[in-house]
Amino acid sequence: IVIILLLSSKSVFFHTINFALISSLIYSIGYCLLTAFSEEVLFRGYIQGLAKYHCNYKVGIIFSTIFFVSMHGLNSGINIFAYLQLFLGGIFLGLLREKTNGLWFGIGFHFLWNFVQAGIFSFSICGQKIISILSVNFVKNNFLTGGNYGPEASIITSIVLIFGLSILVIKYSKINPDKLED
């Protein structure tokens, strides 16, 4: 997020702190928390868990990711990069569930991802805008910023997600080498 901000912003300024901003931020925190919690419980908890139970963890991750991407495909401003990021993000969150054997780390990561990009840096999250602490005037470069959809449609996010996935797969294979054979 910071890399995208540094490469694509014309100006950045703080909003005046007042009651309206604070109440909007409380709403933003609630919105991001509810979104992260409900999506992780549905996609990684229920769908991935069910598919893992009936097949294996790889099928669970792929199946839940397909549903995750499909649901986000209904948002405005989506493009091919957004689909790629959502797919990589779904795989990443699915692996987190398997690595931690729970949902809380994924919920926390998902919440922070949404809140930092939208509640602090004023990016769109999946085409949605919420009130943020900073107001950023972006250059018109959809390749870097992700355009109206937000950083999930940025090439920089692809690079970061591929790097994060690589680290997670390497660490996961060291902890559970037999699981990668399922």
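Guide: Here is a quick tour of the pocket, one isoleucine and the cysteines. Keep in mind that the model is predicted.

Visitor: How much space lies in the largest pocket?
Guide: About 340 Å³. Its lining has 19 residues, and Gly89, Phe92, Phe109, Trp113 and Leu161 are the closest to the centre.

Visitor: Which helices supply at least two residues each of that lining?
Guide: α3 (57-72), α4 (80-100), α5 (104-120) and α7 (155-175).

Visitor: And how do the lining residues divide into nonpolar, polar and charged?
Guide: Ten are nonpolar, seven are polar and two are charged.

Visitor: Switching topic. Where is Ile125 found?
Guide: Ile125 sits in the loop between α5 and β2 (134-138).

Visitor: Is Ile125 buried or exposed?
Guide: Buried. Its relative accessibility is 5%, and the cut-off for buried is under 20%.

Visitor: What does Ile125 touch, leaving out residues up to four places away in sequence?
Guide: Tyr31, Cys32, Asn114, Gln117, Ala118, Tyr149 and Glu152.

Visitor: How far is the C-alpha atom of Ile125 from that of Asn75?
Guide: They are separated by 9.6 Å, with the two residues 50 apart along the chain.

Visitor: Cys32 was among those contacts. Is Cys32 buried or exposed?
Guide: Cys32 counts as buried, because its relative accessibility is 0%.

Visitor: And Cys55, buried or exposed?
Guide: Cys55 counts as exposed, because its relative accessibility is 51% and the exposed class starts over 50%.

Technical notes: Residues numbered from 1 in each chain as written. Predicted model: local features only at pLDDT ≥ 70, side-chain atom pairs only at ≥ 80, totals over all residues. Heavy atoms only, no water. Buried < 20%, exposed > 50% of the residue type's maximum accessible area, 1.4 Å probe, protein only. 1 Å grid on protein atoms, 1.4 Å probe; cavity = no way out; pocket = protein on both sides within 12 Å on 5 of 7 lines; lining within 4 Å. Points joined across faces, edges and corners; volume = space filled by probe spheres on them. Helix = DSSP H or I, 4+ residues; strand = E, 2+ residues; numbered from the N terminus. Nonpolar A, V, L, I, M, F, W, Y, C, P; charged D, E, K, R; others polar. Contact = heavy atoms within 4.5 Å.
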